[in-house]
Amino acid sequence: MPEKILISACLLGEPVRYNGSGLSLESTLLSEWKTAGILVPLCPEVASGFQTPRPPAEIKAGQQGIDVLEGNGSIYENSGHDVTEQFRLGADLAVKTAIEAGCRFALLTDGSPSCGSTFIYSGHHDGQTRSGMGVVTAALRHHGVEVFAQHQIKDLAEQLRC
Ligand code: SF4
């Protein structure tokens with residue numbers, strides 16, 4: 001049975017990002033996986049009830065997705081509105097989706113407070129980035145799902161061949 005891959009829906013061009021856009025990841029690997037029917041698309045933020053477009057949100061400065069997951073961190077929209085609980089719900093739904101579909105791997109959009117896996121934004125809504133991961137990535141990794149950022153798609157392909 002081929003491996004299923006949980007994928008950020010926006011990476012498939014779905015217009016679910018906070019600003020109403022999608023992303024276009026040009027990759028023959030992605031096309032092959034799409035044709036093979038092994039991709040499981042999910043936007044955890046939309047799944048948890050956020051509208052699109054929606055205000056940008058960032059994990060509080062000095063905190064990480066794992067802190068949010070463990071109840072020691074917060075996520076705020078640029079207005080200062082606390083959206084922590086809704087992001088945690090999105091992470092729960094992502095884990096549930098991955099488990100139900102049997103996904104041991106995920107390909108997620110970097111930089112997002114949900115899907116980021118190598119970097120996230122500063123928490124000051126100033127456009128600056130820092131190393132770290134979002135709450136969905138933290139939750140998936142906690143459950144043994146190996147998460148790759150979109151720029152690591154070749155590394156994911158290598159893993160699938162192992
Ligand atoms: Fe949704 Fe994740 Fe894409 Fe953000 S990065 S729009 S949460 S799929």
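In the present model, which is predicted, the residues around the ligand are Ser 8, Ala 9, Cys 10, Val 16, Arg 17, Cys 43, Pro 44, Glu 45, Thr 109, Ser 112, Ser 114 and Cys 115.

The chain contains 6 helices and 8 strands, arranged along the sequence in the pattern β-α-β-α-β-α-β-α-β-β-β-α-β-α. Its radius of gyration is 15 Å, close to the 15 Å given by the globule rule for 162 residues, and the chain is therefore as compact as a globular protein of that length. The C-alpha trace spans about 45 × 30 × 25 Å along its principal axes. Buried positions make up 40% of the 162 residues. Among contacts with a separation of 6 or more, 62% are formed by residues 24 or more positions apart.

Helix 5, covering residues 135–142, is largely enclosed by the rest of the structure, because 6 of its 8 residues are buried. These buried residues are Val 135, Val 136, Thr 137, Ala 138, Ala 139 and Leu 140. Just after helix 5, Gly 144 adopts a positive phi of about 85°.

Notes:
Residues numbered from 1 in each chain as written. Predicted model: local features only at pLDDT ≥ 70, side-chain atom pairs only at ≥ 80, totals over all residues. Near = placed C-beta within 6 Å. Buried ≥ 20, exposed ≤ 12 C-beta atoms within 10 Å, placed from the backbone. Helix = DSSP H or I, 4+ residues; strand = E, 2+ residues; numbered from the N terminus. Rg over C-alpha atoms; globule rule 2.2 N^0.38 Å. Contact = placed C-beta atoms within 7 Å.
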